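Reader: I would like to go through some labels given to residues and ring pairs here, and to hear how each label follows from a value and a cut-off. Could we begin with the structure itself?

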Amino acid sequence: MNSTTVLHKRILSSVLCLLAVLVSVSIWAFPAFALDYNRENLLGRDFSGQVLTDASFTKANLRNSNLSHSDLTGVSFFAANLESANLEGANLTNATLDAARIIKTNLTNAVLTGAFAANAKFDGAIIDGADFTDVLLRQDEQDKLCKVAQGTNPTTGKQTRETLMCR
């Protein structure tokens, strides 16, 4: 090998070592935090299939956004606009949906187990196969959902009407 090749290999080796050290330090010094999308205009954004566990979308505008098949466990959608959003097959376990606009939202086969949805508006929401087990809802919203509830959730095997405790 000539001296130029040896020099290039040493430089490359040094750069790789430095990069490894920087990555190690950044992981230790800057731990990962949940994503913060509070008050953001996310109109029509595609979050489909993503893991967004414990993210915060408080007061965010997610109108016409795609969150289908995403892991939204523990996510805060407090007072968020989810009008016409696609949440098909999403995992919303323990999510906060309080005061959210869930109008004309597609919740087909979504899992909402343990979600907090007091004061949420579900006008025109599609809930076929959605699992509402232990979801805190206002009685008028529950009655509204029971009028259109049908199907069985493919993940939990529970019937939507039963999870809403429809009469």
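Author: A residue is called buried when its relative accessible area is under 20%, and this term is applied below to a model that is predicted.

Reader: What makes Phe47 buried or exposed?

Author: The relative accessible area of Phe47 is 1%, and buried means under 20%, so Phe47 is buried.

Reader: How do you know whether Tyr37 is buried or exposed?

Author: Tyr37 has a relative accessible area of 15%, which is again set against the limit of under 20%, and therefore Tyr37 also counts as buried.

Reader: How many aromatic pairs does the structure hold, and what makes the rings of Tyr37 and Phe47 a pair of a particular kind?

Author: There are five aromatic pairs in the structure. For Tyr37 and Phe47 the ring centres are 5.4 Å apart and the planes stand at 75°; since centres must lie within 6.5 Å and planes over 60 degrees apart count as edge-to-face, the two rings form an edge-to-face pair. The pair links distant parts of the chain, with Tyr37 and Phe47 10 residues apart and each in the loop between helix H1 (3–29) and helix H2 (139–146).

Reader: Why is the pair of Tyr37 and Phe57 called stacked?

Author: The rings of Tyr37 and Phe57 are 4.8 Å apart from centre to centre, with 10° between the planes, and because planes under 30 degrees apart count as stacked, that name applies to this pair. Tyr37 and Phe57 are 20 residues apart, both in the loop between H1 and H2, and both are buried.

Reader: Which residues do ring pairs link into a cluster?

Author: Ring pairs link Tyr37, Phe47, Phe57 and Phe77 into a cluster.

Reader: What makes Val75 buried or exposed, and which residues does Val75 touch?

Author: Val75, in the loop between H1 and H2, has 0% relative accessibility, and with the limit for buried at under 20%, Val75 therefore counts as buried. Leaving aside residues up to four places away in sequence, Val75 touches Leu52, Thr53, Asp54, Ala55, Phe57, Ala95 and Thr96, among them the Phe57 that stacks with Tyr37.

Reader: How do you know whether Thr105 is buried or exposed?

Author: Thr105, which is likewise found in the loop between H1 and H2, has a relative accessible area of 0%, under the 20% limit, so Thr105 is buried. The residues that Thr105 touches, not counting those up to four places away in sequence, include Leu82, Leu87, Gly124 and Ile126.

Terms used: Residues numbered from 1 in each chain as written. Predicted model: local features only at pLDDT ≥ 70, side-chain atom pairs only at ≥ 80, totals over all residues. Heavy atoms only, no water. Phe/Tyr/Trp six-rings, centres within 6.5 Å; stacked < 30°, edge-to-face > 60°. Helix = DSSP H or I, 4+ residues; strand = E, 2+ residues; numbered from the N terminus. Buried < 20%, exposed > 50% of the residue type's maximum accessible area, 1.4 Å probe, protein only. Contact = heavy atoms within 4.5 Å.
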